[in-house]
Amino acid sequence: MAVLAILASFAWKDEAQTYDTNSEVVQTFAGSGFSGYLDGVGQLTMFNYPNSIVADSHSNLFVWDSNNSRIRKIAPDGTVSTFAGGGSLSSLPATGTNAQISGVTSLTIDHSDTLWASGNAGLWKITSGAVVTFTGLGYGTIGVCADSVGNIYFSTVGNQIFQYATNGVLRVFAGSGNRGYADGNGIFTSFFSPGALAADAANNIYVWDNYIYLIRKIDQSQNVTTLAGKYQNSSPSDGVGTNAAFTSVSQMCVDGSGNLILACGDSIRKMDVSLNVVTMAGNFSPQPGYANGAGNSALFNDASGVCVSQGSIFVADTFNQRIRQISYNPQPQIVSGGNLGIGTFAGVTITGIVGRAYQIQSSPDMAVWTTRATVLLTSSPYLWIDQNLTSGNKFYRALLLP
């Protein structure tokens, strides 16, 4: 690294996802394993086929408890309560537990902590005051996700992906409506029963294309590309990109480091930004079950919902009637060579991956390094300037977080 003079400037910071153990370990966070309806704390509670899960900015979890027709809320300390649904009012809007909700297929939560639910009747919006409203689409929706500015995306039975913008404008984002498989742009593309959706920090939309077993991406220019999976091949296998294969994906989420986390029935899998697909927990065994433990020694019975919160991955384990927790600790990679530039300013220029988190460190002697900032790349190259006034020499390096 070069010796640099110190300049006063600014730094934009964003917190990356940090996980809290040294390996992928599965444990039970809530639910007794008995089907039923019981609020309470931790494992002294009951769910009835939970199958979608999301987290808000305060680390509260929200679970669609399908056979109870309720959205349950789980506080960070494991306290389970009923958030919405279970009421007698089918005419919407209605308030919280007075509302009658049914047929939900997926949940998401936007940057303002507003909860959205897709379902057989369309799209619901549930505000922080638990007021339930219906957007009135006239047909069924399947997957749903929110981008960083609050636009909502949902997949439909009509083989299209829609965008419901913050200004209330509804438009087709991708898909011609013709059933099939074609990459391209906007409406000049085709899907075959698109299901689960997820959005990353760069507002790329990931789509599980259910009947052809592919993970596809739609960027904000509406370009559709295929990332992973084998066309019409449902025998699961890990690998890179289209050398990996999937049987099913019921929900997806993106962590703070840009990894796509996937709920795949009997396993939880991860695809990183290099398109490397690995199985984090569970396995491809045809015999589902229930077991806590590390990696593939853990067992699920229809892991159908997944989200990231509190430094862990949370899973709605449907037939086990439980919410499971997975903790892990991925390792950072040092950015070097042509990807890291140092000039006559105090700081670094990173040529990296938009949407990924990078940790910037400094040292007076290249022996002891101090973390200075964690940044989420919103553009590439990305310039970070040291804002602290000190004297003496200073060296810099950047680490790509996992």
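This is a predicted model: local features need pLDDT of at least 70, side-chain atom pairs count only at pLDDT 80 or more; totals for chains, interfaces and linings use all residues.
1. Overall make-up. The protein chain has 402 residues, and 53% of them count as buried. Its secondary structure consists of 36 strands and zero helices. The exposed surface comes to about 15900 Å², with 49% of that supplied by carbon and sulfur atoms.

2. The second largest pocket. This pocket holds about 280 Å³ of space. Its lining is made of 17 residues, and those nearest the centre are Thr105, Ile142, Val249, Ser250 and Ser304. Of the elements, β17 gives the most, with three residues. By class, the lining has 10 polar residues, six nonpolar ones and one charged one.

3. Isoleucine 142. This residue, one of those nearest the centre of the second largest pocket, sits in strand β12. Is isoleucine 142 buried or partly exposed? Its relative accessibility is 24%, so it counts as partly exposed; the cut-off for buried is under 20%. Beyond four places in sequence, isoleucine 142 touches Thr105, Ser106, Ser118, Ser155, Thr156, Val157, Pro194 and Gly195. Thr105 is itself among the residues nearest the pocket centre. The C-alpha atom of isoleucine 142 is 6.6 Å from that of serine 106, although the two are 36 residues apart along the chain.

4. Serine 362. Strand β33 (residues 357-363) contains serine 362, which is buried at 6% relative accessibility. Which residues is it in contact with, leaving aside neighbours within four places in sequence? They are Val368, Trp369, Thr370, Arg372, Lys394, Phe395 and Tyr396. With arginine 372 there is a polar contact between the two side chains, at 3.3 Å. Phenylalanine 395 is 33 residues away along the chain from serine 362, and their C-alpha atoms are separated by 5.4 Å.

5. Alanine 346. The loop between β31 (340-341) and β32 (347-350) holds alanine 346. Its relative accessibility is 0%, so alanine 346 counts as buried. Lysine 394, listed above as a contact of serine 362, is 48 residues from alanine 346 in sequence; C-alpha to C-alpha, alanine 346 and lysine 394 are 7.9 Å apart.

6. Asparagine 68. This residue belongs to the loop between β4 (61-65) and β5 (70-74). Although in a loop, asparagine 68 is buried, at 11% relative accessibility. What lies 3.0 Å from a polar atom of its side chain? It is the backbone oxygen of glycine 36. The contacts of asparagine 68 beyond four places in sequence are Gly36, Tyr37, Phe47 and Asn48.

7. Two glutamines with positive phi. For glutamine 222, phi is near 70°, a positive value in a residue other than glycine. Glutamine 222 is in the loop between β19 (214-218) and β20 (223-228), and its relative accessibility of 18% is why it counts as buried. Glutamine 321 likewise has a positive phi, near 60°. The loop between β28 (312-317) and β29 (322-327) holds glutamine 321, and this residue is buried, with a relative accessible area of 4%. Glutamine 222, at 18%, should be read against the cut-off of under 20% for buried.

8. Tyrosine 211. The loop between β18 (205-209) and β19 contains tyrosine 211. With a relative accessible area of 46%, it is partly exposed; the label exposed would need over 50%. Not counting residues up to four places away in sequence, tyrosine 211 touches Phe192, Ser193 and Gln232. Its C-alpha atom is 9.2 Å from that of serine 248, which is 37 residues away in sequence.

Terms used:
Residues are numbered from 1 along each chain as its sequence is written. Side-chain values use heavy atoms; hydrogens and water are left out. Helices (H or I, at least four residues) and strands (E, at least two) are DSSP runs, numbered from the N terminus. Buried means under 20% relative accessible area, exposed over 50%, partly exposed in between (1.4 Å probe, protein chains only). Accessible areas come from the Shrake-Rupley method with a 1.4 Å probe; for residues, only the protein chains shown count as cover. On a 1 Å grid over the protein atoms alone, a cavity is a set of points where a 1.4 Å probe fits but cannot get out, and a pocket is an open set with protein on both sides within 12 Å along at least five of seven lines; lining residues have an atom within 4 Å of a point. Grid points are joined across faces, edges and corners, and a volume is the space filled by probe spheres set on the points. Ala, Val, Leu, Ile, Met, Phe, Trp, Tyr, Cys and Pro count as nonpolar, Asp, Glu, Lys and Arg as charged, and the others, Gly among them, as polar. Contact means heavy atoms within 4.5 Å. A polar contact is a pair of N or O atoms within 3.5 Å; within protein, one must be able to donate a hydrogen and the other to accept it, and residues adjacent in sequence count only if both atoms are side-chain atoms.
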